[in-house]
Amino acid sequence: MNLLAAIRKLWHSIAPRTHSDVEEEFRFTLDAYQEDLIRQGLPEEEARRKARIDLGQPATQNETYREAIGLRLFDELGGDVRYGLRALRRNPGFAAVAVLSLALGIGATTAMFSLIYAALLHPFPYAGADRIMNPIIIDEQHPDEPLWFPLSKAQFDDLRLAAPVDSPLGFNNAHMEITGGGLPEDVWSVYLTENAGAFFGVHPLLGRNLEPSDAENGGHSVVVLNYRFWQRHFGGDPDVIGRTLEIDHAPYTIIGVMPRSFAFNDINGISGVGDVYLPATLMRGLFNVPYLAYIPWIKLRPHVTLAAANSALDPIVRQFAQQHPERFPDHWHLALQPIIVPFQQETGHTLTLLLAGVVLLLIIGCANCSILLLARGRARQHELAIRGAIGASRWRLVRQLLVEAVVISCTGAVLGVAASYWLARIPLLLSPDSFPAESVIRINAPVLAFSVALALLCGILFGLAPALRLSRHDSARMLPGRQIGVVAAPAKHRWSVLIAAQIALTLLLMATASTAIRSFLVLTQMPLGYDPANVMKIGITLHVRDPNEWSRIQSREARTAYIEQIREKIASVPGVSTVAVGTDATPPYSGAENSFNIDRTHDREQPQARVMLVGPGYFAALRIPLLQGRIWNTDENTRGDFIAVVNHAFATRYLSSSNALGRQLRIPGLTPRNRYQVASAQSTAAREIIGVVGDARNDGVDRPVVPAIYLPYTAVMLPYVQFLVRTPGDPLAYLHSIRGAIASVASDQQISNAATFTLNEAIERDAQYSRQRLFSILFGVFSAMALALALVGIFSVVAYSVAQRTTEFGVRLALGAPRAHVLWVAARIALVSAAAGIVIGLAFDSFLGAVLAHWMQSAFAAGSLVAAAVLLALSAFLACLLPARHAIAVPPAEALRYE
Amino acid sequence: MTKPVELPQGTLEMLILKAVSLGPLHGYGILLRIQQISGERLEILQGSFYTAIYRLEHRGWIKGEWGESENNRRARFYSLTAAGTRHLKAETAKWTDMAAVVAGILDRKADEI
């Protein structure tokens, strides 16, 4: 309604007077003049005629009015658009092909732009997101591993007062559980300092966000819900505000629900997306530990540079380091990092490559439209010549042709933008961990502006060459009789250049796609060293927050018994074939880096290996073969000390000189890190290597296996553990019975949803794997589209020229030309330009190969390039030949009859 | 009847402004008044007459309002706006200056140059 009114108002300001208004006024003048003429003695009919001759027709008066107020160009353009639409309707085949060629290109480009906008330009919903920094400590000895530093409340307040800081946010995450309902449910809580509402500046969907007043009286028991949690747990109930949620047996009042776009704090998958947000003051009351602290984010004041902020904050953080030296490495420096950076590195790379792909596709689509317009233009020359002859200027003809091109491109853009809404989601589905969880793909003003500009640009780009060319012909030469040539049309074929370019670009895309697909296939066929099929990981978190339950499982023995009891219960579920315990030992990325010594030596350079804490059934569950020696037994598992199993990589790297079995190693770092961890009596003492197992991927699917030490999981016990369950079929089908089995041990033992998935899923989540899959699927689709476009281009050019030259071919056949020769004449130009395109493309690709290989992070194989070239050559040959066949199908007699 | 005069480019608008400045008139009335003032010597190109009126109205120099004509028909009456008054004054001054200069040059005798 408002929009309509606005349009009406705008229209009124452009043309204030209506059609009838103008006409009525004119009619009055006409009548008055006519009456005067009658009074002067003219007969009525004569007076009427003279009035109209002198003053004009009432019907055309509105045109005069619009011309007078400068709307003529507008009207003419409107006419051109209508004419263009009519021309399209008359040629539905041409229109469909041209519009679709562009819709593909514009849709893909818009999708990629909206993805880039959502993921890189505007990924966070927070106010002043570009000023929010992640304060990172760079350990100068290990600069690749950025560290975060926690702050105490007092330090946090110091930070708040620092000059370059607008406001800091403190947060801390905790695994908790929803109690008081039926089955216990795992929940990921984020404690936020109470300034969170103002810091984020995100308007809650319902209720309110945390406010400074929530910190009063030791913190109010209130909770703000994440959108997804609200959907999952409350089914999106709008009346949830004011209700009570029981978390870890304590009641919290629900005060707000955040919108869908708010998913704090998913930073590059380091921590999960929070389910509920709680006031940080409660955290200090709940765990009265002096060092329990906040992880900070810092929002800088506007116009503070990163360097200035770093140098201003460095002395403050150094002061913190003096207070808590144990939290900082020996040599470090502070490096504030904009929160977008972790995503920019990986995602920026991926998106740039994909954008290059879609731009190529768009160029191919534009070239296709140009080719079609040029080919069709031969049929329209007659019409244009007539228009020229009756007085249309060249500019008028060019404008008409350009408007038609823009009509095509805008129609394509409308379809493309509609399609891009879905297209933009594909990369997110294929590689979800590469993008910020909070980036929401939507068609917004910048994206729309982008696509409108793109459509106009495309229309002019592909319309200009045909328009200039077609408008050039002088009418004198064109008019006398339609040019139904017995002689071949003028040899200048601008479209042959376009075809060659189109084919070359298509080959580039195809070669890229075949490289991507090949390297992805290599990746999937790489031996993993373990069998991920039908294995599921189930994570559980022990009840560390509840003092009663904690005291029950605090001791190492009790905890082992508890875990073993659950393991046995899971094993007894019908269908479950093997169950093993592992703590953070789920491939393809498993274990924690630790340094160790072999045979009591103390190397200056400490060797490193992955330490995996697992149960003895781990190797059977994952089908990792035993190469030498044996695996530990149940008693050794309970004791946890004195034994170790290593992988093949470890044996060859560190024990190459002698037999691995019987050698001793010590892991000095194997001690409890906090009060929730517990270690065996002699966890750091010497351990004998009793077995060597095969290499299973532990550093990502594409990276070589790193040396690993397998220890009984009882050596160091964390407050959580995972079970690896092998089943005969899809393991998720057994999840319900397994949950029941776990609940039969402890009715309130929840399983952790975030840590429960199949091992195949774990592979799919691998960054390199999902990236390669994304590339191979998308570039596969791009190149298939490009191939289709190029073939349609060739096909239509040949088909058009054959249709135009029917007579010529008839004459040739009648004079006895061999059919093969006629076929060659019909297809020659297209074939030659396609061949030229392939040659250019091959040269271009070998030149670009090195660049591409670097960007794709995989080798650019000559084999796949040749395969792509052969495929392209064959299909181009067919696309030429199929329409060219019509040239020899013309019965000579019939062709001659036209003459 | 004296010899008809052809109107130079752009002067029609000035004449319309002048005609309207004497009081609101409808389109046909403007036409009649111009002819009457000029002593029937001006042949106004009928086609361009309304074009000029529309343009003047669009620029805001005259304002059209519907009213009742002398023979009780609905007619659109135009009157001069404030901007129109200023414009007419400026144009008149310009025209007089130009006419004086041109006339001055044309009137010179050979010995005066």
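How are H2(A) and H4(A) oriented to each other? In this predicted model, the axes of helix H2 (residues 19-39) and helix H4 (residues 61-68), both of chain A, cross at roughly 110° and come within 9 Å. Since angles of 65 to 115 degrees count as roughly perpendicular, H2(A) and H4(A) are therefore roughly perpendicular to each other. The crossing in which H2(A) passes H4(A) is right-handed. On the H2(A) side, the contact involves His19(A), Val22(A) and Phe26(A), which meet Gln61(A), Asn62(A) and Tyr65(A) of H4(A). By class, the residues of this contact divide into 3 nonpolar and 3 polar, with no charged residue among them.

Helix H5 (residues 72-90) of chain A and helix H6 (residues 92-121) of chain A have axes that come within 5 Å and cross at roughly 110°. The contact brings Leu88(A), Arg89(A) and Arg90(A) in H5(A) together with Pro92(A), Phe94(A) and Ala95(A) in H6(A). Here the classes are 4 nonpolar and 2 charged residues, with no polar residue.

Attention now turns to the cysteines. With a disulfide taken as a pair of cysteine sulfur atoms within 2.5 Å, the count over all chains comes to 0. Two residues of chain A illustrate the reasoning. For Cys369(A), the closest cysteine sulfur belongs to Cys366(A) and lies 6.5 Å away, which is too far for a bond. Cys369(A) has a relative accessible area of 1%, so this residue is buried. For Cys880(A), the closest cysteine sulfur is that of Cys369(A), at 19 Å, and this separation too is too far for a bond. Cys880(A) likewise counts as buried, because its relative accessibility is 0%.

Thr92(B) has its place in helix H4 (residues 82-107) of chain B. How exposed is Thr92(B)? Its relative accessible area is 39%, and Thr92(B) is therefore partly exposed, the class in between buried, under 20%, and exposed, over 50%. Along the chain, Thr92(B) and Gln35(B) are 57 residues apart, and their C-alpha atoms are separated by 19 Å.

How values were computed. Residues numbered from 1 in each chain as written. Chains lettered and ligands numbered in written order. Predicted model: local features only at pLDDT ≥ 70, side-chain atom pairs only at ≥ 80, totals over all residues. Heavy atoms only, no water. Axes fitted to C-alpha atoms, helices over the stretch in contact; angles between N-to-C directions. Helix = DSSP H or I, 4+ residues; strand = E, 2+ residues; numbered from the N terminus. Parallel < 35°, antiparallel > 145°, perpendicular 65-115°, else oblique. Left-handed = near helix turned anticlockwise from the far one by under 90°. Contact = heavy atoms within 4.5 Å. Nonpolar A, V, L, I, M, F, W, Y, C, P; charged D, E, K, R; others polar. Buried < 20%, exposed > 50% of the residue type's maximum accessible area, 1.4 Å probe, protein only.
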